[in-house]
Amino acid sequence: MQLAEIEQIKQQLIKLDSAAISDAMDSLNIPAGLSGIIPRNSGMKITGPAFTVRYEPIIPEQGKFLNAGNYIDEVPSGHIVVVDNQGRTDCTSWGNILTYKAIQKGIEGSVIYGSARDVSEIRRLSYPLFTTGIYMVSGKNRAKVVETQCALRIGDVNVCPGDWIFADDNGVLVIPLQHLLTVIERAENVEKTEQAIIEAITNGEDLVSAREKLGYAVPWEHNS
């Protein structure tokens with residue numbers, strides 16, 4: 001996907017919210033939500049292609065030091081880092097040093113299936129961060145990167161390099177690249193349907209009537 005196309009997609013997606021996108025994904029019967037991964041900065045909304053990273057636990061050898069985070073140099077501007085550290089809450093896989101480099105490179109944000117530290121500093125930097133947990137213990141000599149730009153499985157959701165991530169105050173969604181345009185169209189229709197229902201009930205119409213008349217059961221089929 002070319003840079004101009006990426007920017008166009010971002011402009012379309014950023015106008016939406018995760019609830020509408022989730023409903024659009026439901027209409028396609030595709031699991032999308034990364035359950036348990038929550039925002040660590042409120043009011044953030046990000047979207048972009050995934051750069052995937054997989055960690056695994058290690059038992060360190062005496063006197064050896066393993067630094068787990070050098071992959072950050074490979075991440076392109078405009079992408080979102082998605083780390084699979086097996087949901088670990090006993091050590092971290094994101095912190096302040098990675099955050100400073102991510103900001104310098106123009107990375108959109110980070111989604112961590114695991115824990116992060118230095119959260120107060122990351123909040124001060126207004127860097128979008130979504131994690132399973134917060135903990136202070138370093139991942140150095142406890143976990144290592146075994147693969148980048150690989151397929152991940154987080155809960156019941158597949159995450160492949162180049163799939164699109166959407167994250168806001170409600171959580172994190174994964175949109176498979178091959179379904180991206182369909183999801184955008186359906187999510188836009190969901191928002192139109194729900195806005196029409198809100199307008200109807202605000203003007204005094206019964207909720208049951210408004211939902212039935214305006215297609216609440218299949219909001220992605222909204223007709224303008």
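**Exercise 1. Determine how far apart the mean positions of the positive and negative charges of the chain are, and describe the chain as a whole.**

Solution. Step 1: the mean positions of the 20 positive and 28 negative charges of the chain lie 9 Å apart. Here Lys and Arg count as positive and Asp and Glu as negative, with His and the chain ends not counted; the charge is placed at NZ of Lys, CZ of Arg, CG of Asp or CD of Glu.

Step 1: note the basis of the values. This is a predicted model, in which local features need pLDDT of at least 70 and side-chain atom pairs count only at pLDDT 80 or more, while totals for chains, interfaces and linings use all residues. Residues are numbered from 1 along each chain as its sequence is written, and side-chain values use heavy atoms, with hydrogens and water left out.

Step 2: the chain contains six helices and 10 strands (DSSP runs numbered from the N terminus: helices H or I of at least four residues, strands E of at least two). Of its 224 residues, 44% are buried (buried is under 20% relative accessible area, exposed over 50%, partly exposed in between; 1.4 Å probe, protein chains only).

**Exercise 2. Identify the buried residues of helix α2 and the elements against which they pack.**

Solution. Step 1: within α2 (residues 18-27), the buried residues are Ser18, Ala20, Ile21, Ala24, Met25 and Ser27.

Step 1: an α-helix has 3.6 residues a turn, so residues three or four places apart point the same way.

Step 2: the buried residues of α2 pack against α1 (3-13), β9 (164-168), β10 (171-175) and α5 (180-202).

Step 3: examine the ends. A side-chain oxygen of Asp17 lies 3.2 Å from the backbone nitrogen of Ala19, capping the N-terminal end of α2. After α2 comes Asn29, with a positive phi near 60°.

**Exercise 3. Decide whether His79 is buried or exposed.**

Solution. Step 1: His79 is in the loop between β2 (46-57) and β3 (80-84).

Step 1: its relative accessible area is 15%, so His79 is buried.

Technical notes. Contact = heavy atoms within 4.5 Å. Polar contact = N/O pair within 3.5 Å; in protein donor to acceptor, adjacent residues only side chain to side chain.
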